[in-house]
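Please look over the sequence and the structure shown below before reading on. The paragraphs that follow walk through charged pairs and then through nonpolar cores.

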Amino acid sequence: MKVRWMGAAVLLALYANNSWAFNIDDVARQAKALAGKSFEAPKSNLPSQFREMKFADYQQIQFNHDKAYWGKLRTPFKLEFYHQGMYFDTPVQINEVTANAVREIKYSPDYFNFGNVKHDADAVKNLGFAGFKVLYPLNSKGKDDEIASFLGASYFRVIGAGQVYGLSARGLAIDTALPSGEEFPRFKEFWIERPKPQDKQLVIYALLDSPRAAGAYRFVLRPGQASTVDVQSKVYLRDNVGKLGIAPLTSMFLFGQNQPSNVNNFRPALHDSDGLSIHSGNGEWIWRPLNNPRHLAVSTYTIESPKGFGLLQRGRDFSNYQDLDDRYDLRPSGWVEPLGDWGKGRVELVEIPTADETNDNIVAFWTPETLPEPGKEMNFKYRLHFSRDENQLHSDDTAWVKNTLRSAGDVKQSNLVRQPDGTVAFTIDFVGKDMSKMAENSQVAPQVSVGKNADVVEQSVRYNPVTKGWRLVLRLRVKDNKQPTEMRAALVSGDKTLTETWSYQLPANE
């Protein structure tokens, strides 16, 4: 029996006393040891033919489904593996944790079908895995669905029932959007607990490493209608960092209702997420529609003890996208629910220009106000939700933004012809369970504020009988198109706030 990092005699003695169990502290000891010494960059073991292959070639390397790990066990979970190739050029070690041992899952080229990829058998026999995927009968009994994927740096994706892959989560983000350049930590090793036949969850451990940080992670994956992942992390800095991103989410926004495509496209919208949602410690809800800016943009929301934040896909009708191949209407929202008090810090949203949908150009994360000295342990616990029921996040008494529609402003002349007036117009629809029960003649008023770069020309509210909510029309005259314009709006009735806060940044040079 091969046992890693513990002496076999010690392990068996502990097991005999029923006191041995693998846990996050076993990984944390490795992470802390890594943080205490100089970073050792991983070395690629890929032959040139695999390193230089195109994505279409890499896709041809498929795992042989009949060789799924745990495939012959009476467990609902199975594992399949990704082969090395392209920029996945360094192997990731994957281990299985059983009741009394830790065993490495050995790479073998026999796991894979290489399709038309020409390769030398001797050149691949000593390669390794790039990552793994988790299978589970999520949508129907007896049929295994891919529900999670861990591949590349510290990225992972998870879906629930009836969903398709969209946004990604990450273990850690370092110096995102700083001039010094971003550092991408990677999961270099995984430990996966062998599930029992009756288990409805899968436990995964990971060791993270990068030039300025190391960390230990425990993931508890629970598949369902809305799949969840409980995350526990213990992070140790090797050196000072400019910005540390906790619970980062990465997504894509090309164009949408608030920023239509500048070329003809049959799709009204193309994005994995359409907005950042924040539930602050004081109970306020904030909704920030996403942009594809011409220049890098960073928006910061200073918050104490956040209750949650996430990148959501609120447009759920197929008609919003009209795409039968990529089904953006089925892509999950990602919601981060802190477990415990995270204290003072800020939620940051990073928007990066992109010309096509192949680039993940949206990042959101939490960054603490203060960081410990290098070598000191940071603990963060949170629950990730991957859902298509975004409206369930809010309580019934808080209305939320269903639509943010943008157009050139105009005025209706005496002959009823509309005349552009040089303003920018936003039409914002608020909806909610309690709001839908309000009388049409209820007194609803807007609360609007804009930055110094614009003047408000119109702010009007009217009942929307289609949504049974209220529609805010906001027209602004921008002073300098080369500068971004900030704006916020909410609806109130008397002294009661009815809605979340719509917070928007009109990008520069639009």
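**Salt bridges and cores**

Asp175, Glu183 and Arg212 are linked in a network of salt bridges, where a salt bridge is a side-chain nitrogen of Lys or Arg within 4 Å of a carboxyl oxygen of Asp or Glu. This is a predicted model, in which local features need pLDDT of at least 70 and side-chain atom pairs count only at pLDDT 80 or more, while totals for chains, interfaces and linings use all residues. Residues are numbered from 1 along each chain as its sequence is written, and side-chain values use heavy atoms, with hydrogens and water left out.

By this rule the count of salt bridges comes to 29. One of them joins the side chains of lysine 234 and aspartate 25, with 2.7 Å from N to O. That pair links distant parts of the chain, 209 residues apart, since lysine 234 belongs to strand E14 (residues 227-237) and aspartate 25 to helix H2 (residues 24-35); helices (H or I, at least four residues) and strands (E, at least two) are DSSP runs, numbered from the N terminus. Lysine 234 counts as buried at 11% relative accessibility, whereas aspartate 25, with a relative accessible area of 34%, is partly exposed; here buried means under 20% relative accessible area, exposed over 50%, and partly exposed in between (1.4 Å probe, protein chains only).

A further salt bridge is formed by arginine 194 with glutamate 96, whose closest N and O atoms are 2.6 Å apart. Arginine 194 sits in the loop between strand E11 (186-193) and strand E12 (202-210), and glutamate 96 in strand E3 (residues 93-97), so that the pair links distant parts of the chain, 98 residues apart. Of these two residues, arginine 194 is partly exposed at 37% relative accessibility, and glutamate 96 is buried with a relative accessible area of 2%.

The side chains of aspartate 323 and arginine 267 also meet in a salt bridge, at 2.6 Å from N to O. Because aspartate 323 lies in the loop between strand E21 (308-312) and strand E22 (333-338), and arginine 267 in the loop between strand E16 (253-255) and strand E17 (270-271), the pair ties together parts that are 56 residues apart in sequence.

Turning to the nonpolar cores, each is a set of buried Ala, Val, Leu, Ile, Met, Phe, Trp, Tyr and Cys residues joined through side-chain atoms within 4.5 Å. The largest nonpolar core has 81 residues, of which Leu79, Phe81, Phe132, Phe219 and Leu384 touch the most other members. A second, separate core of 26 residues includes Trp287, Tyr463, Trp502 and Tyr504.
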